Structure formats: C-alpha cells, structure tokens
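Let's walk through this fold together, one piece at a time. Keep the viewer open and follow along as the elements come up.

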Amino acid sequence: MSNHSNIRELYRCMGTNVVEYEFDDDSVEDWRKTMDEQGFSRDDVLDQQNRDLARRFVPSAMSSAIKSICGPSGPDIVIIYGLPLSEQDTGFFSSTPPGLLPEDAIAELALCGVASAGGLKAFSYDQEKDGDIPANIWPVAVGKNVQSSDGNGDLAWHGDGGVLSWPLRPPVLMLATRYNPSNTGTRIASIDAAVSRLDDDSIEILEQPRFRHHAPTTFNLFGGRLIGSPPSPVLERDNFERRIVTLSSSNTHADTPEAERALQALHDAADDVSVTIPTDPGTVVAFSNLRCLHARPLFAGTRLLQRLYAAPSLQALKAASIEVRPNVFAVEQLVLQ
Ligand SMILES: [Fe+2]
C-alpha cells in the first residue's frame with residue numbers, strides 16, 4: 001500500500017476524496033482456489049453462488065466504500081489492489097492474439113463479485129461491446145484516431161453513456177487491469193475539484209441546456225446514424241444535491257463560442273485536478289461515472305482492461321428499456337428517453 005499512498009495524497013491536495021484497499025495475498029489465494037473448485041465459468045459472473053462466495057472474501061470496509069460511491073457523501077474514487085487473476089494471466093496476453101482470455105474467468109468472476117459485495121448490480125448495454133459483462137477494452141483500432149475505448153489515441157475527458165440522461169447512465173465504473181506492459185494509466189478528475197477552479201460565469205453557462213452530446217462510436221445504434229441528446233446542461237445535481245457532469249469528450253457540442261469557451265475551461269480544470277492512476281494487473285479503479293470525468297493518454301502497444309458498469313438498482317433501466325438478457329439492456333429505447 002505504501003507504494004500507492006501518494007495517489008491519495010495528490011488527490012487530497014486537489015480536494016478529491018479517494019480511498020484505497022488492498023486484498024490480502026492469502027485470502028486471494030483461497031478465493032481463487034474456491035472459484036476453481038466450484039468449476040465456475042464466465043457464464044456464472046452474475047450467479048448467486050459467485051456473489052455469495054465474493055461476500056466471504058471481500059473485506060467489509062472495501063464493500064462499504066464501494067457501496068458509498070453512490071451515497072450522499074461517499075468517495076468519488078475507490079482503488080483496489082490485488083484482485084484475484086487467473087494463474088494463466090502471466091505470459092498469456094503477450095503470447096496470445098488479442099481477444100482471447102484464460103478460460104477459468106477468475107478475474108471476471110472476482111470483479112463482478114466485488115461489485116456485488118458492494119451492493120451493486122453489474123449491467124451492460126446490448127449495443128455496446130456485445131453487451132459483455134464485464135466488457136474487454138482492447139485497443140482494436142490501433143493507430144486510428146478513434147475517440148473511443150476501441151483506440152489507443154488520446155481519449156479526452158468524458159463520462160461513459162453521456163448521450164443518456166443521467167439516471168440511465170452507469171453510476172459506477174469499475175476498471176480492472178489485466179495486462180498493461182506499456183504502463184498506461186487512467187486519468188480521473190472529480191467534478192467538484194474541477195468546478196472549484198472555474199469562474200462563476202463559466203459555471204452558470206455549463207448549468208444551462210446549451211450542449212448536445214452525441215453517442216460514441218462504441219454505441220452501435222440505428223444502423224450507425226449519428227444520435228445526439230437534446231440540448232442539455234453539462235453540470236447538474238443528483239438526488240443528494242451532489243454535482244454531476246455530462247461530457248462526452250469530442251462528442252459534446254456547445255451552442256455558441258461563449259459556451260464553447262466554458263467547456264474548454266472545464267477541460268483545462270479537469271487537467272489541473274486530475275491524477276494519472278498507474279494500473280498494474282489486478283488493480284481495480286471504481287469511481288463515480290457521474291461525479292468524475294476520465295481520460296486516457298495516447299499509448300503505444302496494447303493494454304487489456306475489463307470494464308464493469310454497476311448500479312445500486314436497475315429499476316430505472318428496467319422501466320425504460322428492454323432487458324434482452326439478464327442485466328443487459330437495449331440502448332435504443334434509452335437514447336430516445
Ligand atoms: Fe470511458
């Protein structure tokens with residue numbers, strides 16, 4: 001933990017609440033062995049047995065922290081070190097074509113288990129990454145300037161699902177690193193910290209419905225047509241009156257040069273208050289996708305992250321969409337809400 005505590009300190013200086021936890025090596029080994037003995041597969045990530053098992057191995061302080069991300073005063077970011085990974089992970093990704101994963105699915109089971117122990121339900125959108133839970137984030141479009149998780153270019157500040165109204169967006173994102181030889185970090189900026197650096201005029205503009213957010217290229221909608229939100233604000237408040245943000249990097253468009261300048265000021269402020277979180281295999285960064293923006297610097301080579309969308313309740317999604325498979329929602333209805 002001592003290697004990592006500077007991240008917490010850096011964020012604290014910028015007014016961002018971050019907590020860190022580390023799995024104990026022995027309990028990770030026990031957990032991995034038990035998953036193996038149970039013969040779980042990737043199909044069991046949402047299974048009750050997997051969730052019950054996770055509850056035995058995820059320390060209660062860790063689960064409480066994850067649960068509180070969506071609460072009235074919880075942390076914006078929870079960093080977890082030492083998630084159980086497949087024993088085959090070492091060497092596997094460097095010698096195997098992208099897209100293949102060890103079959104035991106230990107990391108996927110553990111990631112979904114951690115979310116579940118934290119009272120969160122893992123889910124996905126059918127038209128994004130085939131609805132996989134969790135989804136693999138590989139740079140499949142290397143060298144192309146793709147403004148999405150499919151590329152390896154500089155990915156500007158955004159929250160995931162920005163084209164959707166906020167109650168239908170993933171409130172929590174969990175990013176687990178499986179393979180990261182280029183040591184590419186993930187940058188996260190808390191919106192409270194960023195807004196504290198803005199002048200009142202910019203804040204006022206960002207609170208007005210003067211921005212349209214388009215769906216990213218990872219959302220395969222309506223035969224590839226460009227889908228945009230109605231004019232919406234960038235800054236809003238959630239049910240606890242906490243400030244939340246809607247920004248889809250290059251997919252957010254302002255209505256006037258004045259609003260464009262306010263948007264640019266927010267991008268700059270996010271740069272100022274962000275920290276690059278280095279992620280070794282087994283590190284999980286869980287954070288509020290509503291109160292934080294994230295970005296990724298240009299990187300060379302490859303990296304595999306597994307991304308989980310998680311929410312305390314799926315009621316709003318169930319009411320607004322069709323659940324095509326357990327916890328997988330058709331996104332087209334949601335975009336039109
Ligand atoms: Fe993202």
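Strand β3 (residues 121-125) is mostly covered, with four of its five residues buried. Here a residue is buried if 20 or more other C-beta atoms lie within 10 Å of its own, exposed if 12 or fewer, and partly exposed in between, with C-beta atoms placed from the backbone. Helices (H or I, at least four residues) and strands (E, at least two) are DSSP runs, numbered from the N terminus. You are looking at a predicted model, in which local features need pLDDT of at least 70 and side-chain atom pairs count only at pLDDT 80 or more, while totals for chains, interfaces and linings use all residues. Residues are numbered from 1 along each chain as its sequence is written.

What does β3 pair with? Two strands pair if DSSP finds at least two bridges between them. β3 is joined by three bridges to the antiparallel strand β15 (residues 304-311), where Ala311 is the bridge partner of Lys121. With strand β17 (residues 328-329), β3 pairs in the parallel sense over two bridges, and Tyr125 has Phe329 as its bridge partner there.

Now turn to an open sheet of four strands, in the order β5-β14-β7-β12, with antiparallel pairing. β5 (155-158) and β12 (275-277) stand at the edges with a single partner strand each, so one side of each has no neighbour in the sheet. On average, neighbouring strands of this sheet are turned by 25 degrees against each other, direction ignored. Inside it, four bridges join β7 (residues 186-190) to β14 (residues 292-296), and Ser190 has Cys292 as its bridge partner in β14. Helix α9 (residues 257-273) packs on the sheet, touching β5, β7 and β14, and its direction makes about 110 degrees with that of β7. Such axes are lines fitted to C-alpha atoms, for helices over the stretch in contact, and angles run from 0 to 180 degrees between N-to-C directions. Contact itself requires the C-beta atoms of two residues, placed from the backbone, to lie within 7 Å.

A nonpolar core is a set of buried Ala, Val, Leu, Ile, Met, Phe, Trp, Tyr and Cys residues joined through C-beta atoms within 7 Å. The largest one has 91 residues, and those with the most contacts inside it are Leu111, Val114, Met174, Val284 and Ala286. α6 gives the most to this core, with nine residues. Not counting residues up to four places away in sequence, Leu111 touches Leu83, Pro134, Met174, Ala176, Val284, Gln306 and Leu308.

For a contrast, find Asp199 in the loop between α7 (191-195) and α8 (200-206). Why does Asp199 count as exposed? Because Asp199 has 9 C-beta neighbours inside 10 Å.

Of its 337 residues, 45% count as buried.
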